Amino acid sequence: MLIIKAGGSAITDKSTPYTIRLEVIQQLAEQLREIQEPIILTHGVGSYGHPPARKYQIGYGFDGTSERRMGFLLTHYWVDELSQRFTKVMMDANVPAGRLRPTELFVTENRRIATFFPEPLERYLDMGIIPVLHGDGPTDRKQGFCVLSSDQIAVYLARYFQARAVIFGMDVDGVLENGKTVSAIAYQDLPDWQQKIKKSTDASGGLPKKLGEIETLKDLNIPVKIINLLKPGTLLEAVKGEATGTHISN
Ligand SMILES: Nc1ncnc2c1ncn2[C@@H]1O[C@H](COP(=O)(O)OP(=O)(O)OP(=O)(O)O)[C@@H](O)[C@H]1O
Ligand SMILES: [Mg+2]
């Protein structure tokens with residue numbers, strides 16, 4: 001089993017709200033067609049999900065106001081729209097990609113996945129359908145609802161299905177240090193890298209959090225790759241174990 005996360009930084013243009021990069025998704029679809037093992041795909045929500053989630057402060061949960069409640073529903077609307085468009089590109093390329101809404105598969109508690117209803121996903125896999133999940137706003141037992149990143153979903157599913165590998169696609173070549181790609185990181189060094197990246201960038205909560213999620217797989221020693229999805233062919237290189245991007249293992 002392979003878990004592949006197509007980052008919102010790659011499939012959308014995060015600098016402009018509600019923009020999608022169709023050509024990147026097409027290129028991803030072409031590569032997926034070549035892979036001969038079970039895949040679960042999850043995608044980030046980038047320029048579709050982050051603007052409404054931020055505007056309505058979905059991450060803080062339900063506060064009893066009708067505005068927050070409506071914002072929660074509106075965020076779902078935009079995320080679903082991105083995912084609909086994403087899966088349509090996949091199907092047009094003859095990739096059997098089937099959407100499953102994480103809000104209906106997961107319940108969180110304090111923003112961490114607490115319950116997973118695997119049956120629809122497992123039945124999709126049995127039929128040779130590639131399940132497509134995405135960052136979402138599920139219900140949360142403590143705070144009503146929350147933001148659930150597709151990074152957290154990817155590592156959760158990697159553990160659940162004992163994945164062979166997890167691949168994170170972004171819009172840069174991997175973890176960068178002084179503009180250069182770091183080719184390998186040991187699981188035990190991830191906390192140091194998180195700190196380093198937090199210090200070097202002000203606004204990007206994105207990458208340090210992603211590394212934090214990846215770190216939860218340390219005990220399983222599942223190999224993780226962070227690659228550039230804007231570049232054609234990198235996904236297949238990663239699947240074949242060729243050198244590309246940043247490789248994380250023990
Ligand atoms: N040291 C670094 N190495 C690599 N990327 C970095 C670094 N510091 C900051 N970044 C930024 O982190 C971004 C990736 O995190 P981000 O959360 O934005 O992407 P994503 O996870 O693909 O998107 P989404 O969260 O929407 O799925 C890159 O676009 C890059 O600009
Ligand atoms: Mg991110």
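This is a predicted model: local features need pLDDT of at least 70, side-chain atom pairs count only at pLDDT 80 or more; totals for chains, interfaces and linings use all residues.
1. **Overall picture.** The protein chain carries ten helices and 14 strands. For its 250 residues, a compact globule would come out near 18 Å in radius of gyration, and the chain has 17 Å, so the two agree. The C-alpha trace spans about 50 × 45 × 35 Å along the principal axes. Of the residues, 44% count as buried. Contacts reach well along the sequence: taking those between residues at least 6 apart, 72% join residues at least 24 apart.

2. **The sheet.** Eight strands make an open sheet with mixed pairing, in the order β3-β6-β2-β1-β9-β13-β14-β12. β3 (97–99) and β12 (184–186) sit at the edges with a single partner strand each, so one side of each has no neighbour in the sheet. Ignoring direction, neighbouring strands are turned by 20 degrees against each other on average.

3. **Strand β13.** How many of the five residues of β13 are buried? Five of the five are, so the strand is largely enclosed by the rest of the structure. In a regular strand, side chains alternate between the two faces of the sheet. Here V224, I226 and N228 point one way while K225 and I227 point the other, and all are buried. On one side, β13 pairs with β9 in the parallel sense over five bridges; the pairing with β14 is antiparallel and has three bridges. K225 is a handy reference point, being the bridge partner of I167 and standing opposite H247 in β14.

4. **Helix α9.** The buried residues of α9 (residues 206–215) are G206, L207, K210, L211, E213 and I214. Looking down the helix axis, these fall within an arc of 155 degrees, so they line one face. An α-helix has 3.6 residues a turn, so residues three or four places apart point the same way. The partners of that buried set are α7, β9, α8 (190–200), β13 (224–228) and β14 (246–249). Note that K210 and E213 are on the buried list too.

5. Which residues of α3 are buried? They are G46, S47, Y48, G49, H50, P52 and A53. That is seven of the ten residues in the helix (residues 46–55), so α3 is largely enclosed by the rest of the structure. The buried residues pack against α1 (8–11) and α4 (66–92). With α4, the packing angle is about 175 degrees and the axes are 8 Å apart; angles over 145 degrees count as roughly antiparallel, and α3 and α4 therefore fall in that class. On the α3 side, Y48, G49, P52, A53 and K55 take part, meeting G71, L74, T75, W78, V79, E81 and L82 in α4.

6. **Positive phi values.** Most residues other than glycine have a negative phi, and there are some exceptions here to check. Just after α3, Q57 has a positive phi of about 55 degrees. N94 is not a glycine either, and its phi is positive at about 65 degrees. N94 lies in the loop between α4 and β3 and counts as exposed, because 11 C-beta neighbours lie inside 10 Å. N178 has a phi near 50 degrees. N178 belongs to the loop between β10 (176–177) and β11 (180–181). N178 is exposed as well, with 6 other C-beta atoms within 10 Å.

7. **P118.** Buried or exposed, then, for P118? P118 counts as exposed, because it has 12 C-beta neighbours inside 10 Å and 12 or fewer is the cut-off. P118 is placed in the loop between β5 (112–116) and α6 (119–126). Between P118 and L157 the C-alpha distance is 9.7 Å, with 39 residues of sequence separation.

Key: Residues are numbered from 1 along each chain as its sequence is written. Chains are lettered from A and ligands numbered from 1 in the order in which they are written. Helices (H or I, at least four residues) and strands (E, at least two) are DSSP runs, numbered from the N terminus. A residue is buried if 20 or more other C-beta atoms lie within 10 Å of its own, exposed if 12 or fewer, and partly exposed in between; C-beta atoms are placed from the backbone. Two residues are in contact if their C-beta atoms, placed from the backbone, lie within 7 Å. Two strands pair if DSSP finds at least two bridges between them. Axes are lines fitted to C-alpha atoms, for helices over the stretch in contact, and angles run from 0 to 180 degrees between N-to-C directions. The arc is that of the directions from the helix axis to the C-beta atoms. The radius of gyration is taken over C-alpha atoms; the globule rule is 2.2 Å times the number of residues to the power 0.38. Angles under 35 degrees count as roughly parallel, over 145 as roughly antiparallel, 65 to 115 as roughly perpendicular and the rest as oblique.
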